[in-house]
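Hi everyone, thanks for coming. Today I'd like to talk about helix packing and salt bridges, so let's get the structure up on the screen.

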Amino acid sequence: MDSAVHDNVKKYYGKRLQKSEDLQSNASCSRGCRPMPDSAREALKLVHPDVCARYFGCGLVVPESLEGCKVLDLGSGSGRDCYILSKLVGQTGHVTGVDMTSEMILTSRKYLQYHQEKFGYEKANTDFVQGYLESLGEAGIQSDCCDVLISNCVICLCPDKRAVLQEAHRILKDGGEFYFSDMYASKAVPESLKQDPVVWGEGMGGALYWKDLISVVKELGFSTPYLVTASKILVHNSEILKKTGDIAYASGTYRFFKLPKSRTNKKAVVTYRGTIPDYAEQLDFDALHVFKKGEAVSVDAEMAAVLQCSRFAPHFTVQSSDNTSASEGETQQYCHLNPFLLADRLGTSVQKSSKPGPCDKKEGAGAP
């Protein structure tokens, strides 16, 4: 599995980058458009400073309702997100981090006991394994074993995105969720950029055209993705700008689910119970779906299935409609899932050492 791309990424993140500030751009340090949940903020305060110093993520990957869940972090790096989530899943849950870079695995494992003691656990509920995201079985990750997968600005570094997503589908239990933040391009990235080790290491050479993500996810059998939040990435490094030309980049957080094959395909009226920690009054599921406590909301058949078949089921009442749901047109779905349009709507951008400034008003516009 050791390809030239894997070797370059290992060198870039294992040896060249020693701390977050070493990145040639700040695209990997996106400030989330959503505030961090209180419980996650408190957990972050307990994470060892050395772990935080080598954090290269590009968004906030803290899904809701994690108590007791088995979570896998794809491309766990220094372990920052893993340690935050290990606090949120509690002593009965478990978090595994997978990374291909030996230096990162050593950094994350170094602080296992530290965080166990900080969180007051009788035994550690976190472990880290070295492996490639395209072939997680070789790292010992079994099929149908996880409730939640997360990833933070790592899939853009993988040469075979489809293989990564296929492995994600294999590993998730029915009703499981893949919740991740990554970097996306406004159009297909040319081969010349993919061969540049710095542009690839910064996540830009390997960034997917956002529509391609939607297509692959649906082909592999996941639910339609839900776009949670997005930020434009403004590149101010002149050398990188010359190479990327008119390609625009955005950080986007998506969530999608592995739904059971046998499920009811009916619209429904759902009511949020207000029982998820940190979300007593309102759950912002994604950019389109907001569920207020006690308020009945009509949803399509797929969203009804997500809420009935996933870990969210105890937190909703679901009353099915007699109408069978017809799938919406692809164009309309794609419009809702465009991270560039959402970033425009939210007025958010992230600058790459480039750092966040005003958003361009149309997809494909370059940084000023």
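Let me start with a question: is Glu 167 buried or exposed? Glu 167 is buried, with a relative accessible area of 11%; here buried means under 20% relative accessible area, exposed means over 50%, and partly exposed is in between, using a 1.4 Å probe and protein chains only.

A quick word on the ground rules. This is a predicted model, where local features need pLDDT of at least 70 and side-chain atom pairs count only at pLDDT 80 or more, while totals for chains, interfaces and linings use all residues. Residues are numbered from 1 along each chain as its sequence is written, and side-chain values use heavy atoms, with hydrogens and water left out.

Back to Glu 167, then. Its side chain meets that of Arg 170 in a salt bridge, 2.7 Å from N to O. By salt bridge I mean a side-chain nitrogen of Lys or Arg within 4 Å of a carboxyl oxygen of Asp or Glu. Both residues sit in helix H7 (residues 161-171), three residues apart, so about one helical turn separates them. Helices here are DSSP runs of H or I with at least four residues, strands are runs of E with at least two, and both are numbered from the N terminus. Arg 170 is partly exposed, at 24%.

Asp 147 forms a salt bridge with Lys 173, with 3.2 Å between the closest N and O atoms. Asp 147 is in strand S4 (residues 146-152) and Lys 173 in strand S5 (residues 172-185), so the bridge ties together parts that are 26 residues apart in sequence. Asp 147 is partly exposed at 21%, and Lys 173 is partly exposed at 32%.

In total, the structure holds 14 salt bridges. There is also a network of them linking Glu 64, Glu 177, Arg 255 and Arg 311.

Last topic: packing. The axes of helix H2 (residues 38-46) and helix H4 (residues 80-89) come within 9 Å and cross at roughly 120 degrees. Those axes are lines fitted to C-alpha atoms over the stretch in contact, with angles running from 0 to 180 degrees between N-to-C directions. Thanks, everyone!
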